[in-house]
Amino acid sequence: MLDFLIKEVEATLWLTNAKAGAEALMCAPTGKGYVTSAITNPDVTCTNVAFCAAGTGIAALKALIEADGADGASLIGLGGAGRTAQLFYGCQSLDVMAYTDMFEAWEKRGVQVVPVLSRAPEFDGAKGYVQSLLASHLKAPAQTVIVLCGGKEMQIAVKEEATKLGIPESSVLTNF
């Protein structure tokens with residue numbers, strides 16, 4: 001099954017307004033994918049995975065959170081003994097936040113979901129931007145691997161915050 005998350009903007013209306021059964025040409029995905037050995041390598045001490053997504057960047061992290069091996073276990077050891085995981089997922093408001101129906105299943109896989117809203121003053125949860133939560137939420141930064149996907153500005157800000165927290169550059173994973 002293929003699952004697509006498409007941000008509806010003027011440039012994508014041709015697709016989001018297409019009728020069922022319409023044909024669309026596709027090309028191969030871009031990017032290098034995530035080099036998950038920083039998480040899975042037994043010689044590396046990773047006790048925490050911090051997924052950081054903004055907007056439609058959640059799509060790439062969804063695939064990683066839900067990936068299972070042939071044995072049915074998480075490919076990156078989510079839910080394993082001694083490993084914690086958080087998903088810091090930023091959007092402007094809840095009405096544009098994708099996959100909210102999956103949050104409970106991700107929590108069952110061992111991922112604490114932390115929605116972060118930048119433009120929803122009535123929201124009772126975390127407000128602001130993903131990077132602003134890292135210092136207060138990461139218990140052992142030196143043993144944390146950050147997995148990023150989102151806009152360039154968010155990625156730069158998360159990388160800067162990771163550096164301040166002492167997280168090595170090799171423990172900040174991007175798919176580009």
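Is Lys139 buried or exposed? Lys139 is exposed, with a relative accessible area of 78%. Exposed means over 50% relative accessible area, buried means under 20%, and partly exposed lies in between, with a 1.4 Å probe and protein chains only.

## Ground rules

This is a predicted model, in which local features need pLDDT of at least 70, side-chain atom pairs count only at pLDDT 80 or more, and totals for chains, interfaces and linings use all residues. Residues are numbered from 1 along each chain as its sequence is written, and side-chain values use heavy atoms, with hydrogens and water left out.

## Overall build

The chain has six helices and six strands. Its radius of gyration is 17 Å, close to the 16 Å that the globule rule gives for 176 residues, so the chain is as compact as a globular protein of that length. The radius is taken over C-alpha atoms, and the globule rule is 2.2 Å times the number of residues to the power 0.38. Along its principal axes, the C-alpha trace spans about 50 × 45 × 30 Å.

In sequence order, the elements follow the pattern α-α-β-α-β-α-β-β-α-β-α-β. Helices (H or I, at least four residues) and strands (E, at least two) are DSSP runs, numbered from the N terminus.

## Surface, contacts and charge

Buried residues make up 38% of the 176 residues. The accessible surface of the chain comes to about 10,500 Å², and 56% of it belongs to carbon and sulfur atoms. These areas come from the Shrake-Rupley method with a 1.4 Å probe; for residues, only the protein chains shown count as cover.

Contact means heavy atoms within 4.5 Å. Among contacts with a separation of 6 or more, 70% are between residues 24 or more positions apart.

The chain carries 13 positive and 18 negative charges, and their mean positions are 4 Å apart. Lys and Arg count as positive, Asp and Glu as negative; His and the chain ends are not counted. The place of a charge is NZ of Lys, CZ of Arg, CG of Asp or CD of Glu.

Six strands form an open sheet in the order 4-3-2-1-5-6, with parallel pairing. Strand 4 (126-127) and strand 6 (172-173) stand at the edges, each with a single partner strand, so one side of each is left without a neighbour in the sheet. Two strands pair if DSSP finds at least two bridges between them. Strands of a sheet pair through backbone hydrogen bonds, either parallel or antiparallel.

Strand 2 (residues 84-91) and strand 3 (residues 111-117) are joined by seven bridges. Here Leu87 stands opposite Val113. Strand 1 also pairs with strand 2 over seven bridges. On the other pairing of strand 1, six bridges join it to strand 5 (residues 144-149). Strand 5 and strand 6 share two bridges, and Val147 stands opposite Leu173 in strand 6.

## Strands 1 and 5

Six of the seven residues of strand 1 are buried, so this strand is largely enclosed by the rest of the structure. Ala53 has bridge partners in two strands: Tyr89 in strand 2 and Cys149 in strand 5. Phe51 has Val147 as its bridge partner in strand 5.

Strand 5 is mostly covered, with six of its six residues buried. Thr144, Ile146 and Leu148 point one way, while Val145, Val147 and Cys149 point the other way.

## Ala54

Ala54 lies in strand 1 (residues 48-54). Its relative accessibility is 21%, so Ala54 counts as partly exposed. Beyond its neighbours within four places in sequence, Ala54 is in contact with Gly90, Cys149, Gly150 and Met154. The C-alpha atoms of Ala54 and Tyr89 are separated by 5.7 Å, although the two residues are 35 apart along the chain.

## Two loop residues

Tyr99 sits in the loop between strand 2 and helix 4 (103-108). Tyr99 is buried, with a relative accessible area of 13%. Its phi is near 65°, a positive value in a residue other than glycine. Most residues other than glycine have a negative phi.

Lys139 belongs to the loop between helix 5 (134-137) and strand 5.
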